[in-house]
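Dear colleague,

Please find the structure below, handed over for your review.

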Amino acid sequence: MQQFQYYTPTKVVFGKDTENQVGKLVKEQKAAKVLIHYGGGSVKRSGLLDRVEASLQAEGIPYVTLGGAVPNPRLSKVYEGIALGKQEGVDFILAVGGGSAIDSAKGIAYGICYEGDVWDFYLKKCLPQKSLPLGVVLTLAATGSEMSDSSVITKEEGWLKRSAKSDLGRPRFAIMNPELTYTLPEYQTMSGCVDIMMHTMERYFSHERDTELVDAMAEGLLRTMMHNAAILLEDPRNYEARSEVMWAGSLSHNGLTGCGRKGDWACHQLEHELGGMFDVAHGAGLSAVWGSWARYVYETDVERFAQFAVRVMGVEENPQDLKATALGGIQALEEFFRSIHMPVSISELGVELTEEQIRELAYKCSFMDTRTIGGFQALNRQDMENIYRKAR
Ligand code: NZQ
Ligand code: ZN
């Protein structure tokens with residue numbers, strides 16, 4: 001096991017009706033004025049926003065609201081939130097929604113405390129030194145942003161999707177009521193399930209061997225996800241399945257399954273460019289590229305892929321032919337993605353990539369040919385083009 005730090009300061013409040021505790025939780029944080037940030041309106045339609053506002057009012061906490069964080073949230077909305085937050089003198093940001101509302105809220109929280117352009121953090125020019133504290137009422141189990149250190153924002157100019165990472169961005173609390181996810185369309189639920197699985201797989205595909213405990217946790221999480229995603233396909237209002245998925249979402253991306261090893265993250269980098277350029281749902285973009293990535297890199301460590309095949313996908317081990325076992329696991333996961341109606345190619349996302357677009361995606365993903373991606377196997381710009389082409 002390699003050296004690691006595990007820092008997860010978020011207070012989790014989980015279960016039915018927990019959103020009604022939001023006022024008390026904000027009060028615990030000693031907030032004087034709150035900016036409530038949300039997305040395109042699902043929280044209004046469901047009545048959640050009214051309940052959140054009522055809970056703050058009951059505690060006598062003043063607030064302003066700002067909606068309009070879109071999927072693949074935009075930098076212009078972050079700027080709008082920074083201006084509003086400064087003008088109103090808010091000292092706490094409350095995100096109500098999915099990963100996009102939360103990530104946009106993190107950008108606002110950084111930007112209010114920074115004199116320069118908040119995009120600096122996403123370009124990794126510097127790290128945030130200060131942030132307003134942040135709380136979350138989660139409505140979509142997917143990104144794990146409710147406990148993660150990341151914020152992913154798209155700059156409209158050039159359609160660049162970039163992430164900023166800082167422990168300052170980890171929310172102070174996360175309210176998770178699985179019932180709030182009942183209203184999700186099937187596509188968003190399943191896209192979220194893929195994202196949750198991928199956050200664990202990005203950490204699992206590593207060459208580090210002495211990680212028995214985190215391997216077992218990761219494998220258990222992946223099996224739990226497949227079991228419950230299949231239940232939700234038939235029965236979207238199944239509370240137990242919604243609960244398993246929601247908790248898996250947080251544990252998948254709070255660092256737990258990565259302790260003691262270096263992760264890969266190539267699929268996430270490849271997907272972020274697709275999301276930036278074509279506005280696809282993040283999880284769907286991940287399932288569209290995963291199989292092509294896996295077949296491209298599996299020979300780097302066939303044993304690892306064979307372990308995944310046997311322990312996670314239930315493939316029978318063929319000790320004489322570990323490659324066949326490994327490939328069986330890749331195929332089995334693609335079949336699972338298909339079974340939950342998720343794409344396994346980019347064209348299934350409704351995007352027909354031209355050669356020019358493949359070159360542009362790889363150019364952007366390689367940060368204009370200045371970096372490689374992937375901890376499992378380093379991939380340069382040419383490799384990225386090859387994978388996009390195979391995934392086409
Ligand atoms: O905007 P509203 O009206 O709320 O609708 C949203 C949106 O259209 C809807 N929705 C959310 N909760 C709902 C609901 N509809 C009905 N009922 C509910 N309960 O779902 C749509 C998608 O929402 P969004 O927040 O965009 O989805 P998700 O949570 O998957 O977030 C995706 C974004 O997070 C980034 C992704 O790249 C993408 O930009 N990620 C953030 C990470 C992080 N911060 O740690 C890690 C991830 O790897 C990921 O990159
Ligand atoms: Zn993700």
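**The cavity and a pocket**

Helix H9 (residues 239–252) supplies three residues to the lining of the largest cavity, the largest share; helices here are DSSP runs of H or I with at least four residues, and strands are runs of E with at least two, numbered from the N terminus. The model is a predicted one, in which local features need pLDDT of at least 70 and side-chain atom pairs count only at pLDDT 80 or more, while totals for chains, interfaces and linings use all residues. Residues are numbered from 1 along each chain as its sequence is written, chains are lettered from A and ligands numbered from 1 in the order in which they are written, and side-chain values use heavy atoms, with hydrogens and water left out.

A cavity is a set of points, on a 1 Å grid over the protein atoms alone, where a 1.4 Å probe fits but cannot get out; a pocket is an open set with protein on both sides within 12 Å along at least five of seven lines, and lining residues have an atom within 4 Å of a point. Grid points are joined across faces, edges and corners, and a volume is the space filled by probe spheres set on the points. The count is one cavity of 30 Å³ or more, and the largest cavity has a volume of about 50 Å³. Its lining consists of Ala141, Thr181, Leu184, Thr189, Arg242, Val245 and Met246. By class, these are four nonpolar, two polar and one charged, where Ala, Val, Leu, Ile, Met, Phe, Trp, Tyr, Cys and Pro count as nonpolar, Asp, Glu, Lys and Arg as charged, and the others, Gly among them, as polar.

The second largest pocket holds about 160 Å³ of space. Among the residues that line this pocket are Tyr7, Asp167, Arg170 and Arg172; the lining divides into seven nonpolar, two polar and three charged residues.

**The zinc site**

Asp195 (OD), His199 (NE2), His268 (NE2) and His282 (NE2) coordinate the zinc ion (ligand 2) at 2.0 to 2.2 Å. Donors are N, O and S atoms within 2.8 Å of the metal (3.2 Å for Na, K and Ca); water is not among the atoms, so sites may look incomplete. Along the chain the donors of the zinc ion follow the spacing D-x3-H-x68-H-x13-H. Asp195 and His199 are four residues apart in helix H7 (residues 186–204), and therefore about one helical turn separates them. Asp195 is buried at 2% relative accessibility, and His199 is buried at 2% (buried is under 20% relative accessible area, exposed over 50%, partly exposed in between, with a 1.4 Å probe and protein chains only).

**Aromatic contacts**

The whole structure contains 18 aromatic pairs. Rings of Phe, Tyr and Trp (its six-membered ring) pair if their centres lie within 6.5 Å; planes under 30 degrees apart are stacked, over 60 edge-to-face and the rest tilted. Trp119 and Tyr122 form a stacked pair, 5.5 Å centre to centre with 15 degrees between the planes. Both lie in helix H6 (residues 119–122), three residues apart. Trp119 is buried at 3% relative accessible area, and Tyr122 is buried at 1%.

The charged end of Lys16 sits over the ring of Tyr239, 4.4 Å from its centre, and that of Arg371 sits over the ring of Phe367, 3.6 Å from its centre. The criterion is NZ of Lys or CZ of Arg within 6 Å of the ring centre and within 35 degrees of the ring normal.

Yours sincerely
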